[in-house]
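Let's take a walk through a protein model together. Have the sequence and the 3D view open as you read.

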Amino acid sequence: MRKTLHIIAAALVFASCGGNQHKAEDPLADSGRTQRTENLLTNLKMLGDSSVYLFGHHDDTVYGIGWEGDEDRSDVKSVCNDYPALQSFDLGHLELGDTANLDGVPFNRIRQEIIKQYDRGGMVTLSWHLDNPLSGGTSWVADSLKEIEVKTVAAVLEGGEKHELFLSWLDKVADFLNSLETPYGVKVPVLFRPWHEHTGSWFWWGQDLCTADQYKALWKMTVSRLKEKGVTNALYAYSPGTEPDGDEAKYLERYPGDEIIDLMGLDCYCWAPEADTTQIAQYAVTLDKNLAMVCAVAKKHEKAVALTETGYECIKTKDWWTATLAPVLAKHPISYVLVWRNAYNRPHHYFAPYPGQQSAADFVRFYNDKNTLFRGDLNGLYLTH
């Protein structure tokens, strides 16, 4: 392992969330979730109490710059010879009964990659950019459909015209989560993160598209239905954007409750034009301010905490990882940081380096930072169970 012993000790208990073994026991905890899922939550909280955090990348092993669908390939691994400790995938279009998600990744492949990541000793989080059940549009709000989309959340809640349809969509998610089982009989624990960035208004569940009570009801219906359908391997994450601007009351305005949420997060991106050091610096200030607030709130509510989405599209400075991102993260007790995807079909839409990308050497320095955990740092952790 590349980390010093005291860092490994901080993450050691992460071992209890998985492991490749024959006919492993998969008991339920008192909470009704599997014991491994509860262990994952405990370990995320413990990581937050340490100085280390998991590094994650969306769709890491299913495509990247110049490739799609290769087995065991990863842009991150190609740069630093290690997989991310955390991988993220999206369930958008699962609700439609499609065989592939909104980015063209087959759900069977996503299932395989989730199980592989678990067997590597890593963690998985799932987002859900689902279509609009009322307008027929995407997750993203279209001006031409705004008058319909503003009614969508009300339409899917109990008594709404799309309630039964929406329950059937939730059932498809439940079926997928229940299918995440290893050949040796263990349900893979995952962190489910729907209804994110709701403090903005670009999704149909966003700030200007529904009331606070409707948003909370949407969350409660989601978790209740999944549990009713036997989902025992999911944790749930609440992840607004930066619109609260460090204001705890605004962050919690639509919080659905401690009985529902397991992890509090934040989505915060760097959108600075090339060489605009002022905007890059402002991103760091915004991230610092909002992470300080989220970490304080999470501590009060006894929740795990993470930077649930971030990144700098095209990574336009050579030292962004160690000069911009890492110094802010070192100040806050988070369990993980996740950067977004490297699109194979959009040349200027990537958030992790690939071989030859200008920040690749700096990313290796970030990889070797004492605070970052990658898959290799989790080697052997399951041997204690």
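Buried means under 20% relative accessible area, exposed means over 50%, and partly exposed is anything in between (1.4 Å probe, protein chains only). With 1% relative accessibility, Arg193 counts as buried. Before going further, some ground rules: this is a predicted model, where local features need pLDDT of at least 70, side-chain atom pairs count only at pLDDT 80 or more, and totals for chains, interfaces and linings use all residues. Residues are numbered from 1 along each chain as its sequence is written, and side-chain values use heavy atoms, with hydrogens and water left out.

**How confident is the model?**

pLDDT is the predictor's confidence in each residue, on a scale from 0 to 100. The protein chain averages 92, and 92% of the residues score at least 70. Over residues 4-21, though, the pLDDT is below 50, and this stretch has 51 contacts (heavy atoms within 4.5 Å) beyond near neighbours in sequence. Residues 380-385 also stay under 50. Where pLDDT is low, the predicted coordinates should not be read in detail.

**Charged partners**

A salt bridge here is a side-chain nitrogen of Lys or Arg within 4 Å of a carboxyl oxygen of Asp or Glu. The structure holds 17 of them, including these:

| Pair | Closest N to O distance |
|---|---|
| Arg73 and Asp70 | 2.9 Å |
| Arg365 and Asp362 | 3.4 Å |

Back to Arg193: which parts of the chain does its pair with Glu309 tie together? Arg193 lies in strand E6 and Glu309 in strand E9 (residues 304-312), so the pair ties together parts 116 residues apart in sequence. Helices (H or I, at least four residues) and strands (E, at least two) are DSSP runs, numbered from the N terminus. Glu309 is buried as well, with a relative accessible area of 3%.

The pair of Arg365 and Asp362 sits within helix H12 (residues 360-367), where the two are 3 residues apart, about one turn of the helix. Asp362 is buried at 1%. Arg73, on the other hand, is partly exposed at 33%, and Asp70 is partly exposed at 28%.

**Rings together**

Rings of Phe, Tyr and Trp (its six-membered ring) pair if their centres lie within 6.5 Å; planes under 30 degrees apart are stacked, over 60 edge-to-face, and the rest tilted. That rule gives 32 aromatic pairs. One of them is Phe55 with Trp321, edge-to-face, at 6.2 Å centre to centre and 75° between the planes. Phe55 lies in strand E1 (residues 53-58) and Trp321 in helix H11 (residues 320-329), so this pair ties together parts 266 residues apart in sequence. Both are buried.

**A look at helix H7**

How far apart are the end C-alpha atoms of helix H7 (residues 163-178)? They are 22 Å apart, which agrees with the 22 Å that its 16 residues should span at 1.5 Å a residue (the expected span is 1.5 Å times one less than the number of residues). Among the buried residues of H7 are Phe166 and Trp169. Both also belong to one aromatic cluster, whose members include Trp128, Phe192 and Tyr236.
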